[in-house]
Amino acid sequence: MKVSNCSHRPIIVPCSLKNFDYQVDPYIGCEHYCYYCYVLQNAETDWSKEIQAHEDMAAQLGQELEKISPQKIYMGYYTDPYQPSEAECRQTRIALEVMLERGFSASILTKSDLVCRDIDILKEMKDASVSVSVAFNENSTRRLFEANTIDTEKRTNALWKLQDAGIKTSALICPVIPFVTDVMPLIDSLMPLTETIWIYGLSIEQTSGPNWRNVVGILKEHYPHSHDKIKQAVLAKDHPYWKDLREKLLHLQDKRGLHLSIHL
Ligand code: SF4
């Protein structure tokens with residue numbers, strides 16, 4: 001994987017998520033290369049070959065943090081902070097070190113267990129939190145939709161380690177692909193590891209975008225008998241699939257006293 005330098009681009013940018021004013025994405029591009037990724041339509045490089053990293057993370061981020069008051073910053077909105085190159089490049093670790101020195105904290109979203117490497121820093125931060133995202137029970141299915149991620153079991157093990165270290169955790173089941181993602185067994189495996197499970201359906205903003213073209217190609221090849229049914233449900237939020245799933249989840253929530261945040 002080529003990691004090229006990117007200069008003259010702000011590292012801290014405004015964040016549209018509730019409870020966060022700012023986000024930091026340590027990389028530009030994501031070699032996890034999930035074929036359904038909503039960021040693909042804005043990709044600046046071919047993520048199977050090249051991503052970009054800020055040229056001098058420590059110095060630039062330090063300068064940018066001086067302009068805002070200490071607070072919790074979101075990491076993982078446009079790119080995974082723990083994609084494979086992070087093991088060597090350590091952009092995310094450097095960013096966390098700089099943030100910690102200046103009294104900032106982080107809320108991280110990732111699909112990787114590499115986040116456990118930085119537990120030492122996260123423990124020092126005030127109220128740091130980590131969300132781990134999963135979407136598939138079977139690794140053979142995961143590989144169809146996420147070219148370069150680690151398996152679900154490794155991600156749940158990461159949640160164990162984080163929880164054991166006293167870090168606040170949550171889990172995302174995202175994206176739910178109708179008739180493909182088996183949501184209930186995922187909830188069973190995640191339930192002991194986190195207080196909150198967020199559940200999001202596959203969201204396609206433009207059917208002309210690369211992520212939908214990718215998904216349609218995978219469905220046609222690997223789900224020849226059900227691809228039409230799956231496509232219809234993805235594109236129609238009033239499809240009975242979503243109503244049935246919402247009802248099942250609400251029932252489960254009441255029965256087991258879970259905290260599910262349902263976005264279907
Ligand atoms: S890990 Fe997230 S940002 Fe990276 S490709 Fe997958 S969905 Fe996109």
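Residues are numbered from 1 along each chain as its sequence is written, and side-chain values use heavy atoms, with hydrogens and water left out. In this predicted model local features need pLDDT of at least 70, side-chain atom pairs count only at pLDDT 80 or more, and totals for chains, interfaces and linings use all residues.

**Exercise 1.** Describe the open sheet of 3 strands.

Solution. Strands are DSSP runs of E, at least two residues long, numbered from the N terminus; two of them pair if DSSP finds at least two bridges between them. The order is β1-β5-β4, with mixed pairing. The edges are β1 (2-6) and β4 (27-28), each pairing on one side only. Next, β4 and β5 (residues 50-54) run antiparallel and are joined by 2 bridges. Within β5, Q52 stands opposite I28.

**Exercise 2.** Find the members of the largest nonpolar core that touch the most others.

Solution. Such a core is a set of buried (under 20% relative accessible area, 1.4 Å probe, protein chains only) Ala, Val, Leu, Ile, Met, Phe, Trp, Tyr and Cys residues joined through side-chain atoms within 4.5 Å. The largest has 51 residues, and L61, I173 and I187 touch the most other members. Helix α10 (residues 240-256; a DSSP run of H or I, at least four residues) gives the most to this core, with 5 residues. Another core, of 22 residues, lies apart from it and includes C37, A135, V180 and I230.

Definitions and conventions: Buried < 20%, exposed > 50% of the residue type's maximum accessible area, 1.4 Å probe, protein only.
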